[in-house]
Amino acid sequence: MCGIAGYIGYRDAYPIIINGLKRLEYRGYDSAGLILYDKETIKLVKTKGKVSDLEEKISDEISVSGKIGFGHTRWATHGVPNDVNSHPHYSESENLVIIHNGIIENYDTIKQVLIKRGYTFKSDTDTEVLINLIEEIKNKENVKLGKAVQLALNEVVGAYAITVFDKTKPDEFVVARLGSPIAIGIGKDNKEFFVASDASPFIEYTKNAIYLEDGEMAIIKIGREVRVRNIKSDSLVNPDVLELKLSLEQIEKGGYDHFMLKEIYEQPKAITDTYRGRMLVNEGLIKMAGIDDNLQKFTTANRIIIVACGTSWHAGLVAEYLFEDIARIPVEVEYGSEFRYRNPIITDKDIVIAISQSGETADTLAAIKMAKEKGAFVFGVCNVVGSSIARESDAGAYTHAGPEIGVASTKAFTTQITVLTLIALKLGLAKGSISKSAYHTYLQEMELIPKKVESLLAINDKVEKIGSIYKNATNFLYLGRGFNFPVALEGALKLKEISYIHAEGYPAAEMKHGPIALIDENMPIVVIATNKGHYEKVVSNIQEIKSRNGKIIAVVTEGDTTVKGIADHIIEIPETEEALTPLLTTIPLQLLSYHIAVMLGKNVDQPRNLAKSVTVE
Ligand code: M6R
């Protein structure tokens, strides 16, 4: 959601900013803009639309010279997406300029005060209010930009990642963060700096970066070390300078047409990377520091509450089945957005597991903060290292999926399930709720999963063909039971978010309580009917669909003969333990959505209205 890419130093800023904005496109946005500072002038261009539209506009309007500048991709909150509401925004005097991710909740009250003091506003945004508040404080208190930003931020309520520039002090940026990430790339000898929403815009220039913590601001000045302070307490902070592990290759498409397809194909490796070093099959061991160090807490917990959103919530539902079946611990799965506002009963005997690819989802983050305040122990399952949720958690396990850039989560889902399966097995063994031999069988089977995922990727053409038959359907139904009920939900979510076809996931047995009314000869129904776990019951559901002329796409276990005789299309998955089937059944559903969306000409990697990390509530 919204992206920031900026540069201050000795290189031409424009290519760094524009390429940076392109790398941040995955976050989701509806407009783009930038400033370049050159020859004592700020050049500002912004437009509704894509970064490519911005490039076009720039080529018509300005020369791209300048060693200082920053750019922004905006995902509209306050004010419709249009040229005027796009960022950057000037202050009244046009000396100050800002880009902002997040929401200033009390902007209207501040705006009314500023209007009375003679400020005028061109846009409908909360951001323009913030830059004018900074200017008002700077002039009234006669303070430097950094101090003015700090004082202004102490007056606002909301969330932000901001970068501010003052044309009267053109060798520095002021940046600040609360609830929205900001990374500062540090060039050699402090001769240049980069600011961005994540490290991808500057990865080829420097491997050293500071990630601001919530409530921190920094003054970035050429030739000097970055000065970080706490916005509220005003105390100086000694920031950690991290060495980035990200590589350019990881954030490029690598020959695939879309990031989503690349990420689907990366799953065998991503799953292996997730269990590598943790699952020692020969020794019969699962090593996870975050669990080992807190084993007693987990084995004596009253219950586990999982909080997450979207696809991560679906992984949480799979974990509910895993934890209850294997580790015999009661589990509740909650949407972050509901949990945080409903005054839940939480005690210090509860463990809250937060699942989040980005580690920045605002509702999940707020939910764990609230759970911590109420005494719960919080365990984070995140992909992005150093993300807010990872930092806020008492302990955790990274999924090690590598950067996920396609807005539709794919490898994040399967690697989350992998981590959660390892935790369930570890706890099951520690509690004695699973036999040693069953535990060993799971480890051996788990080790085979990447190869089995590979075999499913090999049937890509077949899935594409099925997609071509149903690409013009207006509704899809996805059905599954037990471990595969969440996979049905996930399959439906994948289809709707990238193809904009309405799709619903249901537990197969619930079909009779409503959705069956929708079934006719135009309705494709994807049914997961693997050979273990309620197989006969699902077969009955398939018969019921058949009797109503629905079109059946069945995901079955290799060698199935019963469903083959009834369904219109069969997709076979290799045999495995029932609890591990979600890692396989989900693959063809990802491919099906992908191909349908491509055939419909949709923007697969950046679907309309969606953002990769949802940093506002
Ligand atoms: O980064 P998170 O895992 O916390 O994100 C949660 C959801 O926003 C995310 O899974 C979303 O539903 C995806 N677009 C699904 O593909």
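I took two strands to pair if DSSP finds at least two bridges between them, and strands (E, at least two residues) and helices (H or I, at least four residues) to be DSSP runs, numbered from the N terminus. With that settled, I looked up S13 and strand S14 (residues 236-237), and found them paired in the antiparallel sense over two bridges.

Before going on, I noted that this is a predicted model, in which local features need pLDDT of at least 70 and side-chain atom pairs count only at pLDDT 80 or more, while totals for chains, interfaces and linings use all residues. Residues are numbered from 1 along each chain as its sequence is written, and side-chain values use heavy atoms, with hydrogens and water left out.

**Hairpins**

I found Val228 opposite Val237 in S14, and in the turn of this hairpin, which has five residues between S13 and S14, I read a positive phi of about 70° for Asp234.

**Open sheet**

I traced an open sheet of eight strands in the order S3-S2-S4-S1-S10-S9-S11-S15, with antiparallel pairing; its edge strands, S3 (41-48) and S15 (242-243), each pair on one side only. Eight bridges join S2 (residues 31-38) to S3, and Ser31 stands opposite Lys48.

**Ligand**

I listed 14 residues around the ligand, the closest being Ser312, Ser356, Ser358, Thr361 and Glu497, where a residue counts if one of its heavy atoms lies within 4 Å. For polar contacts (pairs of N or O atoms within 3.5 Å), I noted ligand oxygen atoms at 2.6 Å from a polar side-chain atom of Ser312, at 2.7 Å from a backbone N or O atom of Gln357, and at 2.4 Å from a side-chain N or O atom of Thr361. Taken alone the ligand exposes 410 Å², of which the protein buries 92% (Shrake-Rupley method, 1.4 Å probe). Helices H10 (310-327) and H17 (485-499) each supply at least two residues of the shell, and H10 gives the most, with three.

**Helix H16**

Which residues of H16 (residues 460-470) are buried? I found Asn460, Val463, Ile466, Gly467 and Tyr470, with buried meaning under 20% relative accessible area and exposed over 50% (1.4 Å probe, protein chains only).

Conventions:
Polar contact = N/O pair within 3.5 Å; in protein donor to acceptor, adjacent residues only side chain to side chain.
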